[in-house]
Amino acid sequence: MKSFLENILKALADYPDEVALSAFLGQQTVVFEVRCNSEDMGRIIGRSGKTIGAIRTLLGVLAAKQKKKSMLEIVE
C-alpha cells in the first residue's frame, strides 16, 4: 500500500524528492501522513479536493482488500 501511494504522490509532484510518506500501523487501521513541498500541496489536493479524494478512494479499496481501514493526511 505504501509503495503504491508513494508512486502516485511522486508522479503528481513537481518536486518528487521532497515527498515523504510515513505510515503508522494499528490493529485495523493504517494512517498515512504525507509531507511535501508547499508548491506541490495544491496539486496533490486538487481543485475542490477532488484529487486527494480520488487517492483516498483508491487507498480505501486497497485497505479493504487487506481487511483494514486507511486514513490519508497531508501535513504542512
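**Overall fold, nonpolar core and helix packing**

The chain contains three helices and three strands, and in this predicted model the elements follow one another from the N terminus in the order α-β-β-α-α-β. The radius of gyration is 12 Å, close to the 11 Å given by the globule rule for 76 residues, so the chain is as compact as a globular protein of that length. Along the principal axes, the C-alpha atoms fill a box of roughly 35 × 20 × 20 Å. Of the 76 residues, 29% count as buried, and among the contacts with a separation of 6 or more, 54% are accounted for by residues 24 or more positions apart.

The largest nonpolar core comprises 15 residues, of which L5, L9, L21, F32 and L72 touch the most other members. At least two residues of this core are supplied by each of α1 (2-12), β2 (29-35), α2 (38-45) and α3 (50-65). When residues up to four places away in sequence are not counted, L72 is found to touch L5, F32, V34, I52, I55, R56 and L59.

Two of the helices, α2 and α3, pack at an angle of about 70 degrees, with their axes 5 Å apart. Because angles of 65 to 115 degrees count as roughly perpendicular, α2 is classed as roughly perpendicular to α3. On the α2 side the contact is made by R43, I44 and I45, and on the α3 side by K50, T51 and I52; the residues of this contact divide into three nonpolar, one polar and two charged.

Note on methods
Residues numbered from 1 in each chain as written. Predicted model: local features only at pLDDT ≥ 70, side-chain atom pairs only at ≥ 80, totals over all residues. Heavy atoms only, no water. Core = buried A, V, L, I, M, F, W, Y, C linked by side-chain atoms within 4.5 Å. Buried < 20%, exposed > 50% of the residue type's maximum accessible area, 1.4 Å probe, protein only. Helix = DSSP H or I, 4+ residues; strand = E, 2+ residues; numbered from the N terminus. Contact = heavy atoms within 4.5 Å. Axes fitted to C-alpha atoms, helices over the stretch in contact; angles between N-to-C directions. Parallel < 35°, antiparallel > 145°, perpendicular 65-115°, else oblique. Nonpolar A, V, L, I, M, F, W, Y, C, P; charged D, E, K, R; others polar. Rg over C-alpha atoms; globule rule 2.2 N^0.38 Å.
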